[in-house]
Amino acid sequence: MVNRPPIKIVSGMPILGPFAENWENVQDFEAREDDLLIVTYPKSGTTWMSEILDLMIHNGDDMKTQRGAIFQRVPFLEYAVPDMPSGTEILNALESQRVIKSHLPAHLLPGSFWEKQCKIIYLARNVKDVLVSYYHFYRMAIVHPEPGTFDEFLQNFIDGKIAFGSWSDHVKGWWKIRHQKDILYLFYEDMLEDPKREILKVMKFIGKDLPEEVLEKIHQRTTFKTMKENHMANYSTIPSHVMDLSVSPFMRKGICGDWKDQLTVAQNEILDEYYKREMRDTDLTFRFEN
Ligand code: PPS
């Protein structure tokens with residue numbers, strides 16, 4: 001694969017260059033009724049929710065969740081890089097019940113998910129921590145273009161010129177339809193504040209009834225520290241030509257408010273302006289500190 005391939009546009013959305021090659025298969029993807037779908041804007045806690053759901057559908061059995069890396073157990077629908085099976089290929093071959101990861105905005109989700117009325121968990125995170133996390137991810141995951149300086153990346157982010165496009169359109173788009181469809185809309189900051197409360201919401205949403213000790217086990221197995229040390233959850237098994245973890249780990253900090261250590265006063269003001277402007281037509285709000 002060419003390192004740092006340029007972004008392409010599919011159906012009006014910027015996407016990683018190699019992902020664009022598989023776009024047709026993504027749009028034609030056949031969802032199944034019992035699929036569980038996790039949707040996020042990148043860097044909003046997808047991997048965390050993936051681990052929770054995989055444990056949950058296996059009744060907290062952590063031997064089962066050691067069967068493969070998180071990106072194999074919860075395949076990424078849009079994923080496509082040369083010489084590796086694509087997300088759609090992996091998913092088509094997977095037995096039910098599947099847990100699926102996607103970063104698609106609501107209007108580009110393959111129609112079969114709506115037709116089959118699949119349960120969807122949407123997880124959102126405040127824009128400042130997303131931006132910082134995304135910048136470090138761009139640096140280490142070389143399927144992305146070079147991020148440039150932080151200021152350059154910030155400008156591209158605000159202009160929606162990064163992979164998966166505008167953060168605000170994404171979080172607002174899913175927020176708008178959350179009551180019309182089978183969608184559980186959650187926040188990363190709430191999960192940090194009270195993980196068990198949020199895990200319980202997920203359990204009820206997917207129609208499970210697990211005893212307290214299993215919920216506690218799911219909680220313990222999905223703390224930042226435990227997942228960071230778990231090779232099946234921390235991306236350490238992914239080939240280094242896809243992610244160079246020596247540049248920045250995948251499990252980086254896992255907190256709310258890291259932006260305070262990363263943004264200059266001027267950059268913070270730009271983001272405050274962006275947030276104010278973009279969020280004035282919605283009742284969706286975010287917390288920037290816990
Ligand atoms: S991706 O590439 O879009 O799928 O990334 P995603 O998993 O959505 O987001 C990665 C960020 O989530 C943090 N993370 C966690 N935080 C708290 N607790 C747990 N268990 C956890 N697991 C992952 C991860 O550290 C990334 O955030 P940053 O701010 O970069 O640390």
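Student: Where is the place of Gln 97?

Tutor: Helices and strands are DSSP runs, numbered from the N terminus, with at least four residues (H or I) for a helix and at least two (E) for a strand. Gln 97 has its place in the loop between helix H5 (87-93) and strand S4 (99-102). This is a predicted model, in which local features need pLDDT of at least 70 and side-chain atom pairs count only at pLDDT 80 or more, while totals for chains, interfaces and linings use all residues. Residues are numbered from 1 along each chain as its sequence is written, and side-chain values use heavy atoms, with hydrogens and water left out.

Student: Which peptide bond is cis?

Tutor: Most residues other than glycine have a negative phi, and most peptide bonds are trans. Here the bond from Ser 96 to Gln 97 is cis, and its omega is near 5°.

Student: What is phi of Asn 59, and where is Asn 59 found?

Tutor: Phi of Asn 59 is near 50°, a positive value in a residue other than glycine. Asn 59 belongs to the loop between H3 and helix H4 (70-73). Asp 83 also has a positive phi, near 65°, and is placed in the loop between H4 and H5.

Student: Is Asp 83 buried or exposed?

Tutor: Buried means under 20% relative accessible area, exposed over 50%, and partly exposed in between, with a 1.4 Å probe and protein chains only. Asp 83 is exposed because its relative accessible area is 80%. Asn 59 has 43% relative accessibility, so this residue counts as partly exposed. Leu 210 has 9%, and therefore counts as buried.

Student: Where is Leu 210 found, and which residues is Leu 210 in contact with?

Tutor: Leu 210 is found in the loop between helix H11 (195-205) and H12. Contact means heavy atoms within 4.5 Å. Leaving aside neighbours within four places in sequence, Leu 210 is in contact with Met 56, Asn 59, Met 203, Leu 215 and Ile 218. Leu 210 and Asn 59 are 151 residues apart along the chain, yet their C-alpha atoms are separated by 7.0 Å.

Student: What joins the side chains of Arg 221 and Asp 62?

Tutor: A polar contact is a pair of N or O atoms within 3.5 Å; within protein, one must be able to donate a hydrogen and the other to accept it, and residues adjacent in sequence count only if both atoms are side-chain atoms. The side chains of Arg 221 and Asp 62 are joined by such a contact, of 3.5 Å. Arg 221 is in helix H12 (residues 212-221). His 219 is also placed in helix H12, and counts as buried because its relative accessibility is 18%.

Student: How many residues of helix H9 are buried?

Tutor: Helix H9 (residues 167-176) is mostly covered, with 7 of its 10 residues buried. Among them are Trp 167, Val 171 and Trp 174.

Student: How many residues does the largest nonpolar core have?

Tutor: A nonpolar core is a set of buried Ala, Val, Leu, Ile, Met, Phe, Trp, Tyr and Cys residues joined through side-chain atoms within 4.5 Å. The largest one here has 101 residues, and those with the most contacts inside it include Met 49, Trp 167 and Trp 174. Helix H7 (residues 127-140) gives the largest share of this core, 9 residues. Leaving aside neighbours within four places in sequence, Met 49 is in contact with Ile 38, Ile 121, Leu 123, Leu 186, Met 191 and Val 202.

Student: Which residues come nearest to the ligand?

Tutor: A residue is near a molecule or strand if one of its heavy atoms lies within 4 Å of it. Of the 22 residues around the ligand, Thr 46, Thr 47, Ser 133, Tyr 188 and Lys 253 come nearest. An oxygen atom of the ligand lies 2.5 Å from an N or O atom in the side chain of Thr 47, and for the side chain of Ser 133 the corresponding distance is 2.6 Å.

Student: Which helix gives the most to the shell around the ligand?

Tutor: H3 gives the most, with 3 residues. Helix H3 (46-57), H7 and helix H13 (224-229) each supply at least two residues of this shell.
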